[in-house]
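I opened the model to look through it and keep notes. The entries are in the order in which I looked things up.

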Amino acid sequence: MREITYAEAIREALRQEMQRDERVFLLGEDLGVYGGAFGVTYGLLVEFGEERVRDTPISEAAIVGAAIGAALTGMRPVAEIMFMDFITIAMEELVNQGAKLRFMFGGKAKVPLVLRTPAGAGTGAAAQHSQSLEAWPVHVPGLKVVMPSTPYDAKGLLLASIRDDNPVIFVEHKLLYKTKGPVPEEDYTIPLGVADIKREGKDLTVIATSLMVLRALQAAEELAQEGIEVEVVDPRTLKPFDAETVNRSVMKTGRALIVHEACLTGGVGAEIAARIAEGPAFDYLDAPIKRLAGLDIPIPYNRNLEYHTVPQVENIVEAARELVGG
Amino acid sequence: MLSESKLKEMLHQMYLIRTFEEKADELYALGKVHGTMHLSIGQEATAVGAIGALRPKDYILSTHRGHGHCIAKGADVKIMMAEFMGKETGYCRGRGGSMHIADMEGGNLGANGVVGGGIGMAVGAGLSIKMRGTGQVILCFFGDGAANRGIFHEALNMAAIWTLPVVYLCENNQYGMSMSVVRAFSIKDIADRAAAYNMPGVVVDGNDVLAVYEATLEAVERARGGGGPSLIEGKTYRWKGHSKSDQERYRTKGEVEAWKERCPILRFRARLIGERVIDEAEANRMAEEARRLVEEAVAFAEASPEPSVETILEGVYAP
């Protein structure tokens with residue numbers, strides 16, 4: 001199969017869905033001529049025009065508000081917020097409006113929109129351009145949250161997200177944009193709420209999200225040299241969350257390590273740990289559930305400090321050794 | 001010039017709104033309503049005048065003080081009252097209540113609990129109308145308080161640069177809860193802010209239903225014809241407190257009484273009688289008809305079932 005990058009996979013999903021469904025359009029800052037801050041939408045303007053690849057002023061609240069209004073009246077907007085840090089500016093629209101309209105109106109309205117946004121540290125962009133805020137939307141009933149780690153998943157999950165009749169927060173990762181992987185040319189969807197086992201193993205389950213999946217896989221390679229066989233589970237969507245696949249894996253291995261880049265406190269790792277602890281896997285645990293996450297600090301600018309703020313391969317290796325040895 | 005039947009319909013709607021809200025107030029006092037409510041008594045002319053300028057397929061976005069908008073857009077007061085009383089037969093199956101009544105089929109995209117909550121969505125509805133080429137217009141209501149939120153500026157700018165068919169109608173009832181417009185604005189007229197977005201800004205007597213109608217019609221026709229958005233400010237006054245917790249320490253009885261002298265319903269009634277569109281007897285019959293409809297609505301709502309707890313999870317996500 002041909003290999004393309006994560007960014008190309010997202011672009012291909014957008015292109016194919018815009019060709020298939022004229023209700024789909026893009027809006028956000030610098031999507032058009034500029035091609036998006038990370039080049040994801042580059043070239044789509046030429047193909048679809050300014051109406052459907054719509055550059056907006058720097059007005060995050062109105063971008064999301066407009067996407068909701070358009071979704072409510074028959075369109076299927078895909079909005080982009082340039083950095084996930086800036087969803088905070090649009091939280092009123094997202095949380096109080098988009099997420100709740102359907103329920104508040106007795107199930108008689110639908111809000112089919114996707115909000116794409118890149119998260120993550122590692123680019124030296126410091127505290128206001130590096131956050132992973134996925135726990136925020138996960139906490140809001142009415143929103144779905146998707147976090148792909150591979151080009152294949154990015155395309156299939158984005159197509160499924162655009163076709164979903166609910167507001168979906170589609171969290172991309174800046175460091176994943178240039179990663180490559182096999183992606184079918186044809187149109188395909190990956191259902192939201194289905195985890196994927198990225199590597200099978202019998203000694204330890206690592207549940208990792210987004211970029212951390214890649215680091216967990218690298219760690220698993222190293223650990224395999226030592227005879228530790230790691231199973232890597234990628235939830236792919238945080239809401240809905242596939243607790244069944246996670247629990248089944250933990251029941252097999254008896255050990256669970258949760259890895260995410262966002263801050264530890266109040267992060268999705270706490271929720272995942274709870275799902276394991278209160279579920280059928282509890283009786284199978286041979287060690288306490290362990291979480292490895294970003295430090296509870298803003299992302300620092302300095303390269304070395306930034307590196308030590310979020311989990312790296314060696315941290316995962318070390319945590320896994322402790323769990324298996326302990 | 002408006003037809004006699006349209007003029008009569010407008011007066012009927014104003015009576016219906018007033019009567020609905022007086023009944024709502026009464027039901028609250030009797031402990032039959034859960035939660036709070038925001039009454040628009042005294043502001044009926046902005047709702048009826050503005051929505052009177054729309055076509056049936058046009059959209060509105062309403063506010064927390066939205067009973068009048070909902071009725072003027074053609075809602076069934078029985079279903080509204082059922083929602084108000086939290087019943088399964090209500091517009092939102094009892095999940096929304098007074099602050100969230102929506103009637104998607106009737107083009108009412110919803111009242112909103114957040115001040116200015118509809119202003120951003122209006123941009124999207126306008127964009128959707130334009131992209132689908134349906135020739136509709138979106139009329140977005142908001143209050144004076146909402147005009148000081150950031151989204152007001154973001155959204156009006158966006159509607160203007162994209163020439164969207166949006167009519168922004170500010171019901172300036174003089175207070176955002178207790179904060180008077182005199183204290184909250186450095187300008188006298190909120191409509192002046194239209195200049196910043198290069199769109200027409202018009203001030204109108206919000207207690208004169210025909211003045212509101214005419215100003216809105218001009219804006220609606222401009223929007224429908226591709227001329228882009230407008231901002232209309234209707235100066236009006238809410239007779240009742242902000243919500244049920246209001247002790248009204250921020251204004252005098254004299255001020256309230258002075259505005260009651262300018263009752264939009266009595267003014268319009270006197271005008272229609274003066275112009276011989278109706279006579280006293282017909283006006284009285286209209287008021288009586290409104291009472292009958294509201295009593296019917298209460299009976300319907302009281303007889304309606306409560307939502308069943310087994311359905312509590314329904315409606316969070318679309319299938």
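These notes go from one chain as a whole to the contact between chains, and then to single residues.

**Entry 1: chain A overall.** I note at the start that this is a predicted model. I counted elements in chain A and got 12 helices and 14 strands. I then looked up the extent of the chain: along the principal axes, the C-alpha atoms of chain A fill a box of roughly 60 × 45 × 40 Å. I compared the radius of gyration with the rule for a compact globule: 326 residues would give a value near 20 Å, and chain A has 19 Å, so the two agree. Of the 326 residues in chain A, 58% are buried. I also checked how far along the sequence the contacts reach. Taking contacts in chain A between residues at least 6 apart in sequence, I find that 79% join residues at least 24 apart.

**Entry 2: where chain A meets chain B.** I listed the contacts and found 35 residues of chain A against 34 residues of chain B. On the chain A side, α3, α4 (91-98) and α5 (101-104) each supply at least two residues. Which helix gives the most to this side of chain A? It is α3(A), with nine residues. By class, the side of chain A that touches chain B holds 16 nonpolar, 12 polar and seven charged residues.

Entry 3: I followed α3 of chain A (residues 60-72) to its partner in chain B, helix α5 (residues 119-132); the two pack at an angle of about 50 degrees, and their axes are 6 Å apart. I noted the hand of the crossing as right-handed. On the α3(A) side the contact residues include A:A61, A:G65, A:I68, A:G69 and A:L72. On the α5(B) side they include B:G120, B:M121, B:G124, B:L127 and B:S128. I sorted the contact of α3(A) with α5(B) by class and got 12 nonpolar, five polar and no charged residues.

**Entry 4: A:I162.** I placed A:I162 in helix α7 (residues 151-163) of chain A. Is A:I162 buried or exposed? A:I162 has 26 C-beta neighbours inside 10 Å and so counts as buried. Leaving out residues up to four places away in sequence, A:I162 touches A:E17, A:V24, A:R76, A:V78 and A:V114.

**Entry 5: backbone exceptions.** Most residues other than glycine have a negative phi, and most peptide bonds are trans, so I looked for departures from this.

- I found a cis peptide bond between A:K239 and A:P240, with omega about 0 degrees. A:P240 lies in the loop between β12 (237-239) and α9 (243-253) of chain A.
- A:S210 is not a glycine, yet phi is positive, near 50 degrees. I located A:S210 in the loop between β10 (204-208) and α8 (211-225) of chain A. A:S210 counts as buried because 27 C-beta neighbours lie inside 10 Å.
- B:E248, also not a glycine, has a positive phi of about 55 degrees. The loop that holds B:E248 runs between β7 (230-235) and α9 (253-260) of chain B. B:E248 has 14 C-beta neighbours inside 10 Å, so I put it down as partly exposed.

Notes: Residues numbered from 1 in each chain as written. Chains lettered and ligands numbered in written order. Predicted model: local features only at pLDDT ≥ 70, side-chain atom pairs only at ≥ 80, totals over all residues. Axes fitted to C-alpha atoms, helices over the stretch in contact; angles between N-to-C directions. Helix = DSSP H or I, 4+ residues; strand = E, 2+ residues; numbered from the N terminus. Left-handed = near helix turned anticlockwise from the far one by under 90°. Contact = placed C-beta atoms within 7 Å. Nonpolar A, V, L, I, M, F, W, Y, C, P; charged D, E, K, R; others polar. Rg over C-alpha atoms; globule rule 2.2 N^0.38 Å. Buried ≥ 20, exposed ≤ 12 C-beta atoms within 10 Å, placed from the backbone.
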